[in-house]
Amino acid sequence: MNSYGSTTDTSSNNAHSIYHATNSESHNTIDTTLDMNEVIMLISVILNSMAAGIIIIFSNTIMPALSKQDLSTGIGVMNTINVIIVNPLFIIIFFGGLISVFPTVSLLRKKDNNSNSNPVAGYYALASTLIYFFGQFLVTVTQNVPRNNQLAEYSDETYWAQDYLISWVNWNTFRGVSALVSAVLGAMSLTLMRR
């Protein structure tokens, strides 16, 4: 009787141990699913990175190449680029990164509600959104677009050579760097969302 009872106890203990081992393993596995804040921030980081690439290629390659052409050719090509580039895909890439405002608000509200989410993730998200808005979006609207419009309206060779190729490129570089910094800050926010 004793040996039969001890066998039952042993198998019961083994089952209990297996359950706890399995249960502890399930707690140690990494949750690979993304919540909505993470998905939106990831999209924002991708779009900001793509925008930075488009912008920087102008300062690094396209504008120097156009400056080597005769003035009328450079102006004509740039005016054509400014018309063709305004298309739905470009608009999504160029301004879509501002969707980071949604996870930013959500993360900062969670901080106020004493949630378990890392409050630093919200600060990085906020910095990413503000830098992209002021450094890329507003610079585009207030600096680069007006210069494009003036070039299209007058096709002035003096303006092209002495102003546009300098000021437009400088502002363009600034907004490219802003987009890149914004992408990095967004990625940092993303990595901190679960910590």
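The questions and answers below go through the helices, ring pairs and selected residues of a predicted model.

Residues are numbered from 1 along each chain as its sequence is written, and side-chain values use heavy atoms, with hydrogens and water left out. Because the model is predicted, local features need pLDDT of at least 70 and side-chain atom pairs count only at pLDDT 80 or more, whereas totals for chains, interfaces and linings use all residues.

Me: How many helices and strands are there in the protein chain?
Reply: Helices (H or I, at least four residues) and strands (E, at least two) are taken as DSSP runs and numbered from the N terminus. Read from the N terminus on, the elements run α-α-α-α-α-α-α. The protein chain therefore has 7 helices and 0 strands.

Me: What percentage of the residues of the protein chain count as buried?
Reply: Buried means under 20% relative accessible area, exposed means over 50%, and partly exposed lies in between, with a 1.4 Å probe and protein chains only. Applied to the 195 residues of the protein chain, the buried share is 33%.

Me: What share of the contacts with a separation of 6 or more joins residues 24 or more positions apart?
Reply: Contact here means heavy atoms within 4.5 Å. Among the contacts in the protein chain with a separation of 6 or more, residues 24 or more positions apart account for 81%.

Me: How many aromatic pairs are there, and why is the pair of Phe133 and Phe137 stacked?
Reply: Rings of Phe, Tyr and Trp (its six-membered ring) pair if their centres lie within 6.5 Å, and planes under 30 degrees apart count as stacked, over 60 as edge-to-face and the rest as tilted. By this rule the count comes to 10 aromatic pairs. The ring centres of Phe133 and Phe137 are 5.4 Å apart with the planes at 20 degrees, so this pair is stacked.

Me: Where do Phe133 and Phe137 lie, and which cluster do ring pairs link them into?
Reply: Phe133 and Phe137 are 4 residues apart in helix 6 (residues 119-154), about one helical turn. Phe133 is partly exposed at a relative accessible area of 30%, and Phe137 is likewise partly exposed at 25%. The cluster that ring pairs link together consists of Phe90, Phe94, Phe95, Phe133, Phe134 and Phe137.

Me: Are Tyr164 and Trp168 buried or exposed?
Reply: Both residues lie in helix 7 (residues 157-192), 4 residues apart, which is about one turn of the helix. Tyr164 has a relative accessible area of 0%, and Trp168 has 3%. By these values Tyr164 and Trp168 are buried.

Me: How many nonpolar, polar and charged residues make the contact of helix 4 with helix 6?
Reply: Helix 4 (residues 88-95) and helix 6 pack at about 145 degrees with their axes 11 Å apart, where axes are lines fitted to C-alpha atoms, for helices over the stretch in contact, and angles run from 0 to 180 degrees between N-to-C directions. Ile93, Phe94 and Phe95 of helix 4 meet Tyr132, Gln136, Phe137 and Thr140 of helix 6. Ala, Val, Leu, Ile, Met, Phe, Trp, Tyr, Cys and Pro count as nonpolar, Asp, Glu, Lys and Arg as charged, and the others, Gly among them, as polar. The contact divides into 5 nonpolar, 2 polar and no charged residues.

Me: Why are helix 3 and helix 7 oblique to each other?
Reply: Angles under 35 degrees count as roughly parallel, over 145 as roughly antiparallel, 65 to 115 as roughly perpendicular and the rest as oblique. The axes of helix 3 (residues 71-84) and helix 7 come within 10 Å and cross at roughly 55 degrees. Helix 3 and helix 7 are therefore oblique.

Me: Which residues does Gly74 contact beyond its neighbours within four places in sequence?
Reply: Gly74 is found in helix 3 and counts as buried at 0% relative accessibility. The C-alpha atoms of Gly74 and Leu165, 91 residues apart along the chain, are separated by 10.0 Å. With neighbours within four places left aside, the residues in contact with Gly74 are Leu66, Gln69 and Trp160.

Me: Which residues does Ser128 touch, not counting those up to four places away in sequence?
Reply: Ser128 has its place in helix 6 and is buried, with a relative accessible area of 1%. Apart from residues up to four places away, Ser128 touches Asn48, Ser182, Leu185 and Gly186.

Me: What is the phi of Ser155?
Reply: Ser155 is found in the loop between helix 6 and helix 7 and is partly exposed, with a relative accessible area of 35%. In this residue other than glycine, phi has a positive value, near 45 degrees.
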